[in-house]
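Please consult the sequence and the structure shown here while reading.

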Amino acid sequence: MRASPAALAERIERAHALDPVVRRLSDTVVRALPAGSRTDALHGVPFGQPAHPALVRLPLGCWTSAVLLDLFRGTGRASRMLIAAGVAGSAPAAATGLADWSALHTDQQRVGLAHAACQAGAATLFLGSLAARAGGRAGYGRLLSASGLAVATVGSYLGGHLALRLGAGASHAEQVSHLAGLGWHDLCGLGELPDRHPVRRQLGYLSLLVYRQGSAVNVLSDRCSHLGGPLHQGRIVVERGAACIACPWHGSTFAVADGTVVHGPATARQPSFETRVTADGRVEVRARS
Ligand code: FES
């Protein structure tokens with residue numbers, strides 16, 4: 001058996017013993033964060049990408065700097081300020097991380113739980129370091145800081161595994177426009193499409209969501225940018241006066257006209273296609289550039 005960090009992370013992916021905690025915590029977070037603009041902001045919808053990766057830079061940067069400053073004399077005050085800023089910055093990082101985590105697959109949630117436990121442990125160690133320094137035990141405080149940074153580094157590795165290996169936070173539809181091929185492609189007959197009912201059509205090996213309103217046809221990638229859910233099985237809803245499709249898996253909502261994200265957890269626009277109807281009633285599509 002391999003004894004590498006990746007092998008450890010893979011074991012956590014399959015650690016079913018974590019599932020009761022995962023379920024309970026996930027249910028709690030989902031209840032605490034109903035769909036709406038606040039939850040969308042935590043996911044990063046207004047910014048077009050998850051907010052969590054940007055926010056974790058503050059605690060990790062501050063804590064790393066504090067531990068480095070501890071190597072030099074006369075830097076105690078600066079270290080304390082950096083530790084305190086890192087602890088304060090870990091709150092928004094945790095809030096955004098929890099929001100994203102609550103809408104992941106279970107194997108991703110197991111790794112996310114371990115990641116969160118490490119980061120919470122690191123914040124606790126840094127808080128302990130502040131307390132030790134305030135109590136005049138600077139050497140013990142430095143030891144706690146170094147331990148906190150080590151734990152945060154393990155947690156960061158697991159966060160990287162979650163994002164880069166398991167694809168949490170990345171768009172799962174980005175490749176679609178590259179796979180569609182250049183130019184216009186015949187998709188289907190206009191008369192074959194039901195009115196105001198989302199359906200799936202194949203363009204080669206690409207699955208497309210097709211939504212017809214009268215003679216207007218909108219086409220998006222059927223694979224949800226959040227985690228690849230089948231959008232054609234979703235609900236049509238009207239948001240901001242426009243028809244949108246809500247993903248059946250976690251409720252991400254996209255404008256059918258152009259794939260704009262209306263509600264998260266998805267933050268990446270759904271790839272959309274230009275459409276035209278030929279004189280003999282065939283629907284043709286072309287990937288938007
Ligand atoms: S797969 Fe999660 S919202 Fe679509």
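## Salt bridges and a helix

Arg282 has a relative accessible area of 27% and is therefore partly exposed; with a 1.4 Å probe and protein chains only, buried means under 20% relative accessible area, exposed over 50%, and partly exposed in between. The model is predicted, so local features need pLDDT of at least 70 and side-chain atom pairs count only at pLDDT 80 or more, whereas totals for chains, interfaces and linings use all residues. Residues are numbered from 1 along each chain as its sequence is written, and side-chain values use heavy atoms, with hydrogens and water left out.

A salt bridge is a side-chain nitrogen of Lys or Arg within 4 Å of a carboxyl oxygen of Asp or Glu. The whole structure contains 9 salt bridges, including those in the table.

| Pair | Closest N and O atoms |
|---|---|
| Glu192 and Arg282 | 3.6 Å |
| Asp195 and Arg196 | 3.7 Å |

Asp19 belongs to helix H2 (residues 19-32) and Arg110 to helix H7, so this pair ties together parts that are 91 residues apart in sequence. Helices (H or I, at least four residues) and strands (E, at least two) are DSSP runs, numbered from the N terminus. Both Asp19 and Arg110 are buried.

Glu192, by contrast, is partly exposed at 46% relative accessibility. A network of salt bridges links Asp186, Glu192 and Arg282. Asp195 is partly exposed at 42%, while Arg196 is exposed at 51%.

Helix H7 covers residues 106-134; at 1.5 Å a residue its 29 residues should span 42 Å, which agrees with the 42 Å between its end C-alpha atoms. The expected span is 1.5 Å times one less than the number of residues.
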